[in-house]
Structure formats: structure tokens, C-alpha cells
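Please read them with the structure open.

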Amino acid sequence: MTVLNRQSKGELKNPKVNNFAMRFANVNGTGSASANNLILKAIFRMGVPVSGKNLFPSNIQGLPTWYEIRVNENGHTARAAEFDLVIAMNGQTYVEDVQTLKEGGYLLFDSSWQLPPEATRQDVMPIGIPLSALCTNPFPEPRERVLLRNIAYAGAVSALIDLDQDIVSTLLDETFSRNPKLRSSNRLALQIGYEYAKENFDCPLPIHLETSNGNAGKIMVDGNTLTALGALYAGATVAAWYPITPATSVAENFLKLCERYRTVEFTDADGENETRNNFAVLQAEDEMAALGMVLGASWAGARAFTSTSGPGISLMNEIIGLAYYSEIPAVIIDVQRTGPSTGMPTRVQQADLLTCAYASHGDTKHLLLFPADPHECFTLTAKAFDLADHFQTPVIVLSDLDIGMNDWVVPELVWDDNYRWDRGRILSSKELAELPKFLRYSDPDADFVTSRTLPGKDSKGAFFTRGSGHDSQGGYTEQPEAYQAVVDRLAQKHQAASHMMPEPVIRLGEGSPFGIITLGSCEAAVLEAIEELEGDGFGIDYLRVRGFPFQKSIEDFIQNHECCIVVEQNRDAQLRSLLLLELGIDPTLLKSVLSYGGFPINSDFVVDGIREILKG
Amino acid sequence: MPSIRKPIIPLAPLPRNDLGLTIRAYEGSMSTLCAGCGHDSITAAIVRAFYELSLPPERIAKLSGIGCSSKTPTYFVSGAHGFNSVHGRMPPIVTGANAANRSSIYIGISGDGDSLSIGAGHFVHAIRRNLNMVYLIENNGVYGLTKGQFSATADIGSASKKGKANETPPIDPVSLALSLGASFVARSFSGDKAQLVPILKAAVEHKGFSMIDVISPCVQFNNHPGSTKSYHYVREHELREIEQEYLPPSIEITANMSVDDLVKVRMHDGSVLAFRSLPNGYDPRDREAAISYVAAARKANEIPTGILYIDEDAADLHDLAGTTETPLVDLEFDQLCPGSAELIRFQEAFR
Ligand SMILES: Cc1ncc(C[n+]2csc(CCOP(=O)(O)OP(=O)(O)O)c2C)c(N)n1
Ligand code: SF4
Ligand SMILES: [Mg+2]
């Protein structure tokens, strides 16, 4: 494993137009999210590529929380390593927050109180604004004042970085369209901060914004919303779930979407009009139940899914094996967080790879999909349903907290109205009638998939679904040959699925002997790192894995390079292990750069890690 | 079914039900349970009840967990889809299946270990959701399939085969179900098919969660003297004060009902559940009365059987979830996917 020291990137190059990073240090539960989101969205609307990362604690109120906004004209929006502007609103963390500033950066703080001496730095510019004092008279009610003090700093920031005031104003109107009272108090708070900054400082700062057109054809959204949307578009009708950070908003969004798109008018026996639901969202008693419900619904013929995080995957293991062995489609969304055990529930990791690839006891292997951003949460979740139905097996979509809960700027979604779902080999009554006899696990197709029937339709199609030993006719067995015939076919079926898995994203340069292999939310940091290395005259090829089982193209990429560096966010190099295990390649061909502290990976870390490896 | 080979050709032409089916259509494959196992008698009662109700086999979905009891769905209605799942997890699987396809008739077979230990969490939540299904606990006080350990329904003082007495207090599924708000609670005895068949019929027709705790002796591990789940003990201690009759909708009710019926409950499909005998002043629609009755009987070491409680008006899973009448599995893709134009509109919020 490599020891990574991040070098300082040196002096700030002023002016930094459309290229800077801000960090908002807040107290959890004080409503800072609305101030920070306002700034993020306004930047997005100015056409400047931007990202927002919420680094929040596992807490409802009182603990420190940070929000980071990175603005980058070139579209590099991985997490920043250092900040140009720190908005220090939390007395508990002043000292450490000041340390995250670059040399020559700016420190915005509430000068109603004195900054502790240990929180001052000679090499940064203090911007003291008496936010609390400014808000005392206009907002006498204490709770309101706490909230609006945050809006006031948003006003100050908008002056300092030159946010388009018309956009800010429109955003306020949109947010509070139904609450004029809140709109005017928010507007007042914004103005207080804005004017104070204008009067007392040279606005804008050298780091500031200029309107651009970097966001044409883009949307700004979090992954969990689009995962839910993918499930909606794929035609899922049953969702079962148990609340867990960071997956909760998948099911909650799915419910909201269903309430919007899946309700129908119904006239009851008394002639009264009611709305009825073309969906069922079931809040289960635990994750075993959640996946059990998915299996039941899927067995009955619906498209069904569950969403969870690592602890839920652990609980689901027994039922994942049941789905695999009895060949029942199931879509499982795993929004990964930092493990093991409860771990750090509000922090990110990609550490469920191996447990998901081989989830459950016995010989099991599953289909995995690795979205890299919210856009892919949509496309790959929708695809997961086709794969699950086609291969009659569980499909696990491995998103993560960074993708799932943070707002990303991604290409807008498109939908092909000619698309029809692939329900796989489900026999119709007519097909069934033509068969001499229906045997559940016989007559595999080229993908080693056999046909199934749905309950409730036809007696001839009746069979017994079981997780106990069965033969290719579906009967109970304890015979070695009969048992093996089925599990051997399952292994072949898994391998066959590689032709339907999404192809890896590959970028080849000019014959570099080195490659980077990565997955999921590492992409932004890795691409930025590659660009930086190229700037130093060092070319490196790129491959992002998007699914498991792995395709031949992944093996070829590895074989065609002297050495590949696998960048991932876990301690044990799980992607590297999976590649070695499944492709049977020489372990010396793959090196690792591993980030697993719980915060999203940044490009400096990748660059340093790669330099370190190449040195050695 | 009991472990006797079926004759290939019936000796006399078998009678047929309203669907024109003989009882053979409701049988399954040969039982592999021990000869004399209570579970086989319950299977026979299910076969009889489903035959007499003329249930279309393809509309039946039979599910179970793991255990000797959970093996039995293979032994009835071979023309129905079956699902032998994993230990304790049958209730969620039925929940999902029922959510997806409300038009099937769901019967879940479980054991006392399956429902009250490993699957207790699911069992209680299926009750809370008033999942429309027949839920049968084949209760023998032991883990049959793992060879005779005490289960959570073993009574204090009940002796194991080796003579060791159980000291941990039991969970009584009937009291538990009543306290959780179950809408149909019954107890019966595998040795009493005459009682079990009408209870099963009413359970099928009940809209909601029909919990039947059937005491079902394990001849292998829990049928010895000293056990409170033996045939002998149950016969000695059964308290049979409640007698009920299930009258299908086809029967002209007024003409056929005895004037002595104490309570009549009209079931969802128009059939009638008639209580022919009840303890003095007992109303099977009064939950508190049922709870005290069961508690008093337990104190007196008596085992009350019959339909102890019924609420025909309780909202079931679909009422609570507001799902459409059309089973979700029958919805077409076009009804489910909002399409490209809507996707464009939806994304306006993200700009
Ligand atoms: C997760 C898991 N743990 C343990 C077992 C082993 N096991 C199989 S059946 C059973 C007990 C069954 O008891 P019960 O539900 O009362 O059914 P019975 O055999 O008595 O009818 C156990 C513990 C299992 N199959 N799965
Ligand atoms: S072990 Fe007991 S429960 Fe199992 S089949 Fe034999 S008698 Fe029945
Ligand atoms: Mg038992």
C-alpha cells in the first residue's frame, strides 16, 4: 500500500474566475442547507460547472456539518482538496476550518463575536461580517434569526463572488412561491448580507463568477432522485424498503414519483370518486422482509425493487441466495456508505463490492452495476430491471452516498419511447398450451435461462419454487448429478450475462504503458488527475468498469498495459481483488490507489498516489 | 396426504365440486413426513376445504418457510403455484406477492419455530398489515425438522422426549395475534378435521389476515407423556365451547340457518359464518372478550378451540395502501412509464 503525501499546489493564481472552491462550516440543524443550495443553484444557472458536496454528521441537530462548493470552468467537479473561501459559521470548528484554507484565501466569519486567536492565520484574508448583530433587530424571534443569519451569509457570499442577483431573486421566488412571508424575510436577510459586503469590502473578490455556457443540456440533481426515476420508467410497481442513510431518499422519491405519475381515478361502489394507486410502496419491518417482499412481488410477476445500504445488504444475504438459486428477478439498490458495521453512516465508501458480488452462502455470483453519477443512476437502474428479468436473478446497483445524496451537474436524461421492457422468458398461456409439459428449469436458451410461469394464470404452469436442492425439472433432489446440473447452468448464466452488461468506458491515449481502472464516483477525480498528469507530459489510459461480470474488453485493457492502477474507495482493494479473481490475471499487473476515510476522493490524492507508485 | 399410495383408478366414480373437479385435483405429491404426523392431517383438511369451496387451483398460491410443516404445501393442490422459501420469511414473500397480485388466494403454512422464533418479526408485521391470506401455524411445540428442540410455544413444564421440562414461558400465537389486532383468530387441532374444515373455509373467505393456530402433534419428538402438545394431552384439555359452521353464498341463508345460531357474521363474499355454540355471553366480534376468555382458559390449563375472533370490516393491506383493483401484475408498460415528453417536463425542476 502506498503512503500518500499531498503536496501543496502553491500560490493562488489570481484572479480566479470560475475556478475556485468554497467551504461552508455550519452547525447541523440550523437550516444552512437552504442557504448553501441557493448559492449552488445560482452558480449552476449562471452556466458555470459546479458541484456541491454535503459532508454531514450522523446527527439531527448540533454537530458540525460542512458543505463544499467547487466551481470549475473545465468541468472538474470532484471534491476540492483545499479552499479559496471558507465561510466559518461554526464556533466549534473555527480552528480546523481555518486550516482548510489555501494560502491567500478568504475567511468569512461572524464578527459579532471575536475570532479565537488560534483561529487566525496571517496568510489569509479575514472578512468579518457581524451577521448575528445585523440580524438581531430585523428578526427578533430567535429560531428565525438562526435560520436567516445563514441566508445573510449567502447574501454576503453572493456579493463577494459576484453571483447574478437576478438569478438569486428568481430562485427565491421559486422556492417561496407559496409563502410570501418567508420570501420577504429571506429577501431581507440576503440583502443585509449583500449590502454589508458591498459597503465594507472590495466586491467582487479576485475569485468570482462570470456567466458562462458550461451547463447547456445539463441538469443538476442527486443520484437517489434519478435512481427512483429509473425504477419508475422501468415500470417497477412494488418497492419494499427499510429506512437507512444514505438510501432512504430512493424509496421516498419513488413514492413521490408514483403519487405524481401512477395514480388513477376510481369510482367506488357508492359512486364516489377516489384515487387509487398503480403501485405499492411497502415500508418493511427490516431488510430481510424488504427483499422477501421483492421476491414475492417478482415471483407473482411484478417488477419490484428494494433500496438499502451496507447493513441492509448484510441482512438480505440469505434471501439473495434464495433469489439466485430459485431464479427470481430482484433489483437491489445499494447506496454505499462507510462500513463495517454501522461505520460512518453519513460518509462514503465503495466497500460493498465483494460482499455484493458473492452475496449469500454457497456458490453464488451476482450481476452488479456501477453508476458513476446521477445520470447513470437513471440509466443503469432502468437497465437493472431488464437484466434481472432477462436473467431471472438478483441485480445489485452499487451507487454510493456521494452520488446518491449530493447534487451533480450531469447531461439531461433522454427516453426512447420505442423502448419496451424485456420481461425475459415468461411463458404466455398460449406458449404453455403448446408444451407437452412445463418443466421450470429445463430447456435453457443461449443465455442459459429457462422459462418461467407466473402464479394465478394457469394450472399447467404450476411448479414449486424452492431454495432447497432441485433438479432441472424443478423437483426436490438430493442427487449430486441433478443438483450439479442446475448450479453449473447458473454459473454459465452468470458468465453469459457479460454480453448484456454495460460496456466499460475506455479512453486511450497515445500508447501509454499505464492505465487507470476505476469505478463509480471516483470518475471525476480520476479524469481530473489524468488531465493533470498529461499536463506534466505523462499520458495514462483510462477504463471505468460499469458492471460485473467483467467483459473481455476489461481483460484486454489490462493485458495491453504494462501496469494498471486501480483507483477505488475502500481499504482492501476490492475491485482489484475481483478483477484478479475473475479474470485470472497476474497480480503484479494491478496496483492500487485507495481512499477510504469517508470523504469523497479528490484528484490530488489520485495524482499523488499514482506518482508514488510510478516512483517505486 | 397420508403416506398411502393412491389407487390409479378410483374404485367408485368420485364426486365432483362446482368446478367439476374431484378431490384428486386438490391433492399434491406424496407426503414424506413421519406416519401419524399431525401436519398430514392438516393437509387432508386443506384438501377437503379447498375442494368443497371449489377454489380454482390456478388461483391458489401456497407458500411456506422451512420446517416439516413448511414442506406440506407440496402435498396439496398440485395445480397451484408453490413457494417453499427460507426459514421464517414466508410472510414478507406473501406480502410482496399479494401486493403485486391481489387476485390470488394466498395460503401460508408455517411452524411454531418458523413463525414465533426466527420469523416472529415478520409474523407480527403481517398481522399489522392485515395481509389478506390464510396463515396456518402447524404448532407442535418443537422444531421437528432439526429433531426435537423446544420451540417458543413449548409450555412451562412440558417435558422433552428425554424427560427434561421446559422452563421458558411460551408465546401463545392466539393471544399474540389478538393483542396485535388480527382480524381473524382461530385455534384448532389436527386431530379434529370436522372442526378444522369449516374454520379453513371461513379463513379463506375472510378478507384479511386469518391466523389459525393448529395444534399438530409431532409423533417423533413430542407425543410422549409429559408433553402438552401430544394427541392425548390436547384431547384431554381441549375446551370446545365454540362451534361454527361455514355457509357458502349459494345456500339460501334464512331457510337453512338454525334459529339457534347465536351469532352470524356475513363474510366478504356473501357467505355466512354461523356460530352454533358459544360460551355464555361471548361475542366473537369482541376482541377484549376473546382476550380474557383465552387468558382464563390458559390459567385453567385448557385449550380453547374454534374461531375465537373475527372482524370482517378491518381494512386490509390493499385498503391501507390504496392500490387499484386491477392486480399490479396486469398493468401494461404504457400505463407505467411516463414517457419522453414527461421526462423533459420533469427535468425542469433540475435547471
Ligand atoms: C436460517 C436458518 N436457521 C436454521 C435452520 C434450520 N431449521 C430448519 S427447520 C427448523 C425448525 C423448524 O421448526 P418449526 O417451524 O416448528 O417446524 P416443524 O418442523 O416443527 O414443523 C430449523 C431451526 C434453517 N433452515 N435456516
Ligand atoms: S419429525 Fe415430527 S413434525 Fe416432523 S414429520 Fe416427523 S412427526 Fe412430523
Ligand atoms: Mg414445530
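1. In this predicted model, strand β2 of chain A (residues 19–27) runs parallel to strand β5 of chain A (residues 83–88), and four bridges join the two. Within this pairing, Arg23(A) stands opposite Val86(A) of β5(A).

2. β2(A) also pairs with strand β4 of chain A (residues 64–72), here in the antiparallel sense and over nine bridges. Arg23(A) takes part in this pairing too, with Glu68(A) as its bridge partner in β4(A).

3. Seven of the nine residues of β2(A) are buried, so the strand is largely enclosed by the rest of the structure; buried here stands for a relative accessible area under 20%.

4. Turning to the contact between the chains, 70 residues from chain A and 57 residues from chain B take part. Together chain A and chain B bury about 5200 Å², of which 63% is on carbon and sulfur atoms.

5. Seven salt bridges are found across the interface of chain A and chain B. The side chains of Glu285(A) and Arg129(B) also meet in a salt bridge, with an N to O distance of 2.7 Å.

Methods:
Residues are numbered from 1 along each chain as its sequence is written. Chains are lettered from A and ligands numbered from 1 in the order in which they are written. This is a predicted model: local features need pLDDT of at least 70, side-chain atom pairs count only at pLDDT 80 or more; totals for chains, interfaces and linings use all residues. Side-chain values use heavy atoms; hydrogens and water are left out. Buried means under 20% relative accessible area, exposed over 50%, partly exposed in between (1.4 Å probe, protein chains only). Two strands pair if DSSP finds at least two bridges between them. Contact means heavy atoms within 4.5 Å. Buried area is the accessible area (1.4 Å probe) that two parts lose on being put together, summed over both. A salt bridge is a side-chain nitrogen of Lys or Arg within 4 Å of a carboxyl oxygen of Asp or Glu.
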